[in-house]
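Subject: Handover of a structure and findings

Dear colleague,

Please find below the structure that I am handing over to you, together with its sequence.

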Amino acid sequence: MYHGVINVYKEPGYTSHDVVARLRGILKQKKIGHTGTLDPAAEGVLPVCLGQGTRLCDMLTDKSKTYEAVMLLGTVTDTEDTTGQVLGRYPVTATGEEVQKAAESFIGDYNQIPPMYSALKVDGKKLYELARAGKEVERAARPVKILSLTITRMELPRVWMRVSCSKGTYIRTLCSDIGDKLGCCGCMEALKRIQVDRFLIQDAMTLDKIEKARDEGRLGELIIPVEEMFSAYPVARTCKEADSLVRNGNPLKPEELEETAAKEGGPVRVCDSRGTFMGIYRYEEERRFFKPWKMFLNPEP
């Protein structure tokens, strides 16, 4: 079984679940999970977690992301992108300066109402299922953050943007909100995710290339080991006497860890006395011990 994270280039037409399903066939293993849905029409970086790495899914989902998007002003659709049904077309009278000012006004915190065509659930039902049934329900606005927004090209009614944002941000809703602010409506015409945390688009591999690497015996070169995902954290080895504790996922006292760096606080990467990575621990000052946060116990002897 493979353990770690692989940087997949999701091509247009695939759902995120399609990517996982095909990877299961390529890798011949079931324990695989993606780190955040990309719409079928979108493309770009989709980190996929393998084996023990699936415990990283929630962490990577929480990371900020960067996109390149094309906004089409003057058009409104039921999905907030051009894959949906056109509900209206309106003249775009705004100047380039006005468009830039309106777009940049969304930088920072803002409350965004999720689109009906999304995988979010209301009363146990996915919004897109309700939308396809012709139903629209009230959605509460959710706080999101636009970390940066740069217009890279403008040929009205089209605007090319690069956006870095927090988790949970819908770029098509951002395009719609910008259009509403300009008074001409708007939607998203194209979307490419170019970065998720440390994962860059230039390093992403299509499924065909991953399959080819498997056939050539190079698959291991594409998988980032679980421990490497925590390379910013200091390493602490247990004393030999505490190996059984860490292998069972028990809390550890500072004196049971050899490296002094661990005694300064946490989180830390904890290995057993032989150097085998066990998991991430955080220090609890009140109890004066290191508590397991994420355990990645090696399933092999």
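I begin with helix α6, where K212 and D215 are exposed on the face turned away from the buried side of the helix. Please note that the model is a predicted one. The buried residues of α6, which spans residues 207-215, are L207, I210 and A213. Viewed down the axis of α6, these buried residues fall within an arc of 120°, so they line one face of the helix. Their packing partners are β1 (4-10) and α1 (16-27). After α6 comes G217, which has a positive phi, near 75°.

Overall description

The protein chain has 301 residues, of which 46% count as buried. Its secondary structure amounts to seven helices and 18 strands. The C-alpha trace spans about 75 × 50 × 40 Å along its principal axes. Considering contacts in the chain between residues at least 6 apart in sequence, 65% of them join residues at least 24 apart. The chain exposes about 15500 Å², and carbon and sulfur atoms supply 47% of that area.

Salt bridges

How many salt bridges does a search of the whole structure find? The search of the whole structure returns 16.

The side chains of R172 and D39 form a salt bridge, with an N to O distance of 2.9 Å. Because R172 belongs to helix α5 (residues 171-182) and D39 to the loop between β2 (32-34) and β3 (43-50), this pair ties together parts of the chain that are 133 residues apart in sequence. R172 has a relative accessible area of 5% and is therefore buried. D39, at 24% relative accessibility, counts as partly exposed.

A second salt bridge joins the side chains of R247 and D243, at 3.5 Å from N to O. Both residues lie in helix α7, four residues apart, which is about one turn of the helix. Helix α7 covers residues 243-247. Is D243 buried or exposed? D243 has a relative accessibility of 6%, so it counts as buried. R247 is partly exposed, as its relative accessible area is 34%. Apart from neighbours within four places in sequence, D243 is in contact with T238, D272 and S273.

E284 is partly exposed, with a relative accessible area of 25%. K291 is also partly exposed, with a relative accessible area of 39%. Elsewhere, salt bridges that share partners link R22, D208, E211, R214 and D215 into one network. D215 is one of the exposed residues of α6 mentioned at the outset.

Finally, A141 is found in the loop between α4 (127-132) and β10 (142-155). With a relative accessibility of 42%, A141 counts as partly exposed. Which residues does A141 touch, not counting residues up to four places away in sequence? They are N111, Q112 and I113. A141 and E80 are 61 residues apart in sequence, and their C-alpha atoms are 16 Å apart in space.

With kind regards

Methods:
Residues are numbered from 1 along each chain as its sequence is written. This is a predicted model: local features need pLDDT of at least 70, side-chain atom pairs count only at pLDDT 80 or more; totals for chains, interfaces and linings use all residues. Side-chain values use heavy atoms; hydrogens and water are left out. Helices (H or I, at least four residues) and strands (E, at least two) are DSSP runs, numbered from the N terminus. Buried means under 20% relative accessible area, exposed over 50%, partly exposed in between (1.4 Å probe, protein chains only). Contact means heavy atoms within 4.5 Å. The arc is that of the directions from the helix axis to the C-beta atoms. Accessible areas come from the Shrake-Rupley method with a 1.4 Å probe; for residues, only the protein chains shown count as cover. A salt bridge is a side-chain nitrogen of Lys or Arg within 4 Å of a carboxyl oxygen of Asp or Glu.
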